[in-house]
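Student: I would like a close look at a single part of this structure. Please place it in the whole before you go into detail.

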Amino acid sequence: MLPLNANIVKIVDETPSTHTFFFDHLFEDAIIGQFVMVWIRGVDEIPMTLSYKNAITVQKVGDATSRLFDLKEGDSLGLRGPFGKGFTLPKEGENILLIAGGVGAAPLAPLAENVFPSCSEVTTILGARNVNELLFMDRFLQSGQVYITTDDGSAHRCGFVTDVLDEIDVSKYDRIYTCGPEMMMKRVFGILERESALERTEFSLHRYFKCGIGVCGACCMDDAGLRVCKDGPVFNGKELVGSEFGKYTRGPSGQKKLF
Amino acid sequence: MMNITGLRMKNPTILAAGIMGTTGAALIRMAREGAGAVVTKSIGSQPKDGHSNPSMVKLDHGHLNAMGLPNPSYEDFLPELEKAKHKAGVPVIASIFGGNADEFRKVAEGLMSAKPDAFELNVSCPHAMGYGASVGTDPVMVKAVTLAISEITDIPVWVKLTPNVTDIVTIGKAAQEGGANAVVAINTVRGMAIDIHSGYPVLGNRFGGLSGEGIRPIAVKCVYDLHEKLDIPIIGVGGISTWQHAIEMIMAGASAVQIGSAVYEGTNVFSDISEGINRFLKEYGYTNIEDITGIAHERF
C-alpha cells in the first residue's frame, strides 16, 4: 500500500510538548492500539499510535517530530496503516485499569472512551512530569475514576504511577492496560508480576521501526524474536517474561542501547 | 537431508538476507518456523543506520525497499551470530558486504570466530553507493572479491548476484572463477515509486529494489541462464511465496530457494513450501529435488 494522502484539518496543543493532528481521513476499522506510519515527506516516516480514529498525538522528541510540529492546518502527510496488533477489548461488565505515563496516554484515552459504556468500572492512573504535561485527563475523567501523579508534585500526588499501583488492590481488575516510558512500564511489570496479574495485562511498546510491516526484522525483541511492528506493538505481559523489555532496545543500525 | 555446497539442510527453503536477520533471536525464530537454513542481514565493517524511512512499501505485485544496508558492524553482530549458531539448529550463513576486497576480507575475518556455515557475499544491493551492485556489476571486482574470501576460508562462499546487469551469466562466471561454491540469484530489481499527491519519491532513498511476485519471471530466467553456463549450484530467489513457485525455480536450475518478502504473508511460509515440495515430489514420482533441478533445460 502506498501512503495515502491526508490533509491536516485541525491541530490541538494538548500540552507544551504534545500536539494532536487531526486528518481528513478516518481509520474506521482500526483497532485501538494499532499504529500508522506517518510520512513527513522529504524527512522521514515514523510510527504513531492513533489517539482518535482520525488523529495522532505526537510528542516532540527528534528531527521527524520537530518537522511534524512545523506543519500547519491545511498541510498534508502520507499515512500507511493501520498496522500491528492492538489491544484486546474487555468483555461486558469487566473492571479495567489503565496505567498511562506521559504521551503513553495516546492509545489509552480512546480505549477508555470505547470501553466506558460496557465495562462496569474504568480506573485510570495517569502520570506526567508536571501538571501541564497531563495528557487527555478529561477523556479519562469522563470514563471513570482517575488517580493523578506528577513527577514534581505540581498536581495531585508527587511521585509515579507505580506509587499508586503499589497501593491499590489490582485483584479487582479483570484487565489492565499500560503505555508509557519503558522504565515506567518495567516497574509496572514488576508489580504486576508480583501480583500474578501479568496474564491480564497488555503493554504497548515502542521500538525503532524500519519497514513497519513485519518483514525486515529491525524491531525484533530478544529472546523470542517478536516483531514489535507486527506481533505487537501491544503484548500480553506473559509474552514479555524473560525478554529484552526494560533492559535494552536497538537503534537503526541494530546496535543495542541500554535503558 | 540434502547437501548444498556441503551444508546439510533438512529442506531447500532458506531465509533470504535482509529479512528477519538483524538479531540472533529473529534468525532462530525463522529456523523454528521451518527454514532449512538462514542468512543474516548483510554485515559490514562499520555501523550503518541505513536510509531514512519509508524504507519498504508494499505495491500491487511486490515490495519496494531501500534499507541502505543498516547493520551494527561485524564487531557488534558477532554475539548475534554466535547466538544464532548456538540455537538455530540449521546452517547459518553470514551475509557480508564491503566496498572492495580488503573490506570484505576484514568483515569475513571478524565474523569467523562465530563459525558461520557459509559466507554469502552481497555484491548486489541496488541502492547503496559504493557497495553491493557497485561491486557486483563489474566482473573483475566480483572475481577479486570472491577470490579474496575463498582464499582465507574453508567454509563455502556463496555470491549473491544482481539482475541489474546486461548479462548476469558473465557475473556468475566471474564468481565461479573466483572460487565461489554457489551463486544466489537474484537480488532485487531496481525500481521506484512516486507519490502523485506531492511528487515526492516514496522511498527515503528515492529509489530502491523491487522484490516479490512481480520479479519472479525475471529470477526464473536468470536462474535458467546461469544453470546453462555454470558448474556450481544456483540458489534461486525472487518472488517465491508458494511451493509451486519453488518447484518452478528448481526446474529452472535452482538447487535450493531463498524466501524473503513472502514472510510478509506469514512466517509459516517455510514449512508450507517445504511440505508442498515434498508432496509434489511424491505425487509425480520423483525421489528428491535433484531429480527436477534444471529439468526445464531438457524440455523444449
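**From the chains to one helix**

Tutor: Among contacts in chain A between residues at least 6 apart in sequence, 61% join residues at least 24 apart; a contact here means that the C-beta atoms of two residues, placed from the backbone, lie within 7 Å. The model is predicted, so local features need pLDDT of at least 70 and side-chain atom pairs count only at pLDDT 80 or more, while totals for chains, interfaces and linings use all residues. Residues are numbered from 1 along each chain as its sequence is written, with chains lettered from A and ligands numbered from 1 in the order in which they are written.

Along the principal axes, the C-alpha atoms of chain A fill a box of roughly 50 × 40 × 35 Å. Of the 259 residues in chain A, 55% are buried (20 or more other C-beta atoms within 10 Å of the residue's own; exposed is 12 or fewer, partly exposed in between, with C-beta atoms placed from the backbone).

Chain A is assigned domain 1 (4-83) and domain 2 (95-258), with bounds from an automatic or database domain assignment. Taken over C-alpha atoms, the centres of these two domains of chain A are separated by 20 Å. Where they touch, 16 residues of domain 1 of chain A are in contact with 17 residues of domain 2 of chain A. Strand 4 of chain A gives the most to the domain 1 side, with four residues.

Chain A also meets chain B: 29 residues of chain A are in contact with 36 residues of chain B. On the chain A side, strand 3 (35-40), strand 4 (44-52) and strand 6 (76-83) each supply at least two residues. By class, that side has 13 nonpolar, ten polar and six charged residues; Ala, Val, Leu, Ile, Met, Phe, Trp, Tyr, Cys and Pro count as nonpolar, Asp, Glu, Lys and Arg as charged, and the others, Gly among them, as polar. The predictor gives the complex an ipTM of 0.94 and a pTM of 0.95.

Chain B has nine helices and 14 strands. Its average pLDDT, the predictor's confidence in each residue from 0 to 100, is 96, and 100% of the residues of chain B score at least 70. Of the 300 residues of chain B, 62% count as buried. In chain B, residues 24 or more positions apart account for 70% of the contacts with a separation of 6 or more.

The buried residues include Trp243(B), His245(B), Glu248(B) and Met251(B). What do the buried residues of helix 8 of chain B pack against? Their partners in chain B are helix 7 (216-229), strand 13 (234-237), strand 14 (256-259) and helix 9 (269-283). An α-helix has 3.6 residues a turn, so residues three or four places apart point the same way. After helix 8 of chain B comes Gly253(B), with a positive phi near 140°.

Strand 5 (residues 56-59) and strand 6 (residues 62-65) of chain B run antiparallel and are joined by four bridges; strands pair if DSSP finds at least two bridges between them. They form a hairpin with two residues between them, and Val57(B) stands opposite Leu64(B) in strand 6 of chain B.

Asn205(B) lies in the loop between strand 11 (189-192) and strand 12 (207-211) of chain B. Asn205(B) counts as buried because 21 C-beta neighbours are inside 10 Å. Beyond neighbours within four places in sequence, Asn205(B) is in contact with His51(B), Ala66(B), Gly68(B) and His127(B).
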